[in-house]
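Here is a short tour of a structure for someone meeting it for the first time. Have a look at the sequence and the 3D view, then read on.

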Amino acid sequence: MIKRLIAGVFGIIILMLAVAIGLDQWISLRTQPYIYDEVQTLPHRQVGVVLGTSKYYRTGVINQYYLYRIQGAINAYNSGKVKYLLLSGDNAQQSYNEPSTMRRDLIAAGIPASDIVLDYAGFRTLDSIVRTRKVFDTNDFIIITQRFHCERALFIALHMGIQAQCFAVPSPKNMLSVRSREIFARLGALTDLYLLKREPRFLGPLIPIPAIHNIPDDAQGYPAVTPEQLLALQQQLEDEKKAAIAKAAADKAAADKAAEEQAAKLKAEQEANEAAQAETEDAAPQPEPAKPVGRNPFQQ
């Protein structure tokens with residue numbers, strides 16, 4: 001019995017791994033026609049979207065994925081393949097700001113500040129891709145990131161009806177662990193798209209690219225959601241979550257109280273009915289016992 005149970009568990013695990021790998025390969029094949037490895041073959045588009053990542057690892061070592069994406073953005077811009085660079089990344093903490101970090105490095109490389117647009121609310125790949133369309137009013141653009149990331153980003157774009165291509169920049173040599181995690185990231189993306197049908201966490205006001213603007217050299221950029229607005233929105237979400245939890249608890253307490261009152265009412269009614277039935281039985285006249293019929297001594 002135990003051997004059969006263990007064999008069944010292993011069978012389920014193997015089946016799940018096979019399904020995960022199959023879905024991973026399906027996404028790769030589905031997006032293959034839209035990926036370009038060489039900047040020379042890249043089509044001309046107005047906007048290039050650079051997907052953010054941290055510049056340094058926690059150990060302080062520089063992130064090679066970041067360097068390749070920045071260099072890819074520089075190459076795409078200098079070759080004339082894109083006119084504007086939209087830097088989409090995470091700015092969830094004041095000490096961590098992916099778009100501003102990328103902007104500084106791109107300006108240092110000679111990219112004009114006026115051709116750089118910042119998106120501070122690119123928390124996930126889904127957010128970055130959908131916000132490019134809905135917030136920055138761009139439907140046909142170049143994504144700049146590594147190939148494995150290209151495939152997931154393009155799959156999201158295709159599912160959302162967004163036209164996009166991807167410039168696949170090089171990846172570091174030792175990326176087995178990253179590629180393994182990508183399988184689970186793709187399963188998460190499929191869950192978001194087909195089951196949860198998620199939308200970006202924030203959608204700010206419409207900011208078309210290009211927009212009429214003047215940006216000084218020391219400007220941070222013009223985000224659709226400023227860091228201050230982002231913190232306010234996060235606080236609002238936390239307050240709404242706390243209010244929802246409190247309301248759910250109050251509703252449950254009210255429901256439990258109503259159920260107790262209903263149970264007590266039913267019990268009282270039952271006891272009253274039993275008492276009334278008992279009184280009725282006590283008040284009813286009891287029939288007199290029948291007299292025994294004796295034998296007539298005068299009858300023969």
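## Where H1 crosses H6

The axes of H1 and H6 come within 10 Å of each other and cross at roughly 80°. Axes here are lines fitted to C-alpha atoms, for helices over the stretch in contact, with angles running from 0 to 180 degrees between N-to-C directions. H1 is therefore roughly perpendicular to H6; angles of 65 to 115 degrees get that label, under 35 is roughly parallel, over 145 roughly antiparallel and the rest oblique. On the H1 side the contact (heavy atoms within 4.5 Å) uses Ala20, Leu23, Asp24, Trp26, Ile27 and Ser28, and on the H6 side Arg179, Ile183, Arg186, Leu187, Leu190 and Tyr194. Sorted by type, the residues of this contact are eight nonpolar, one polar and three charged. Nonpolar covers Ala, Val, Leu, Ile, Met, Phe, Trp, Tyr, Cys and Pro, charged covers Asp, Glu, Lys and Arg, and the others, Gly among them, are polar.

## What you're looking at

This is a predicted model, where local features need pLDDT of at least 70 and side-chain atom pairs count only at pLDDT 80 or more, while totals for chains, interfaces and linings use all residues. Residues are numbered from 1 along each chain as its sequence is written, and side-chain values use heavy atoms, leaving out hydrogens and water.

The protein chain has seven helices and six strands, in the order α-β-β-α-β-α-β-α-β-α-β-α-α. Both are DSSP runs numbered from the N terminus: helices are H or I with at least four residues, strands are E with at least two. Of the 300 residues in the protein chain, 36% are buried, meaning under 20% relative accessible area, with exposed over 50% and partly exposed in between (1.4 Å probe, protein chains only).

## A closer look at H1

Helix H1 takes in residues 2-31, and its 30 residues reach 44 Å from first C-alpha to last, close to the 44 Å expected at 1.5 Å a residue. That expected span is 1.5 Å times one less than the number of residues. Ala20, Asp24, Ile27, Ser28 and Thr31 of H1 are buried, and the buried residues of this helix pack against strand S1 (35-36), H5 and H6.

## H5 beside H6

How do H5 and H6 lie relative to each other? Their axes come within 10 Å and cross at roughly 5°, so the two are roughly parallel. Residues of H5 in this contact include Phe148, Phe155 and Ile156, which meet a set in H6 including Val178, Ala185 and Leu193. The contact of H5 with H6 has nine nonpolar, one polar and five charged residues.

## The nonpolar core

The largest nonpolar core has 29 residues, and Leu86, Ile129, Phe136, Phe141, Ile143 and Ile209 have the most contacts inside it. Such a core is a set of buried Ala, Val, Leu, Ile, Met, Phe, Trp, Tyr and Cys residues joined through side-chain atoms within 4.5 Å. H5 gives the largest share, six residues. Leaving aside neighbours within four places in sequence, Ile129 touches Phe141, Ile143, Ala153, Ile156, Ala157 and Ile162.

## Two loop residues with positive phi

Asp137 sits in the loop between H4 and S5. Its phi is near 55°, a positive value in a residue other than glycine, and Asp137 is partly exposed at 40% relative accessible area.

Lys197, in the loop between H6 and helix H7 (227-283), also isn't a glycine and has a positive phi of about 50°. Is Lys197 buried or exposed? With 61% relative accessibility, Lys197 counts as exposed.
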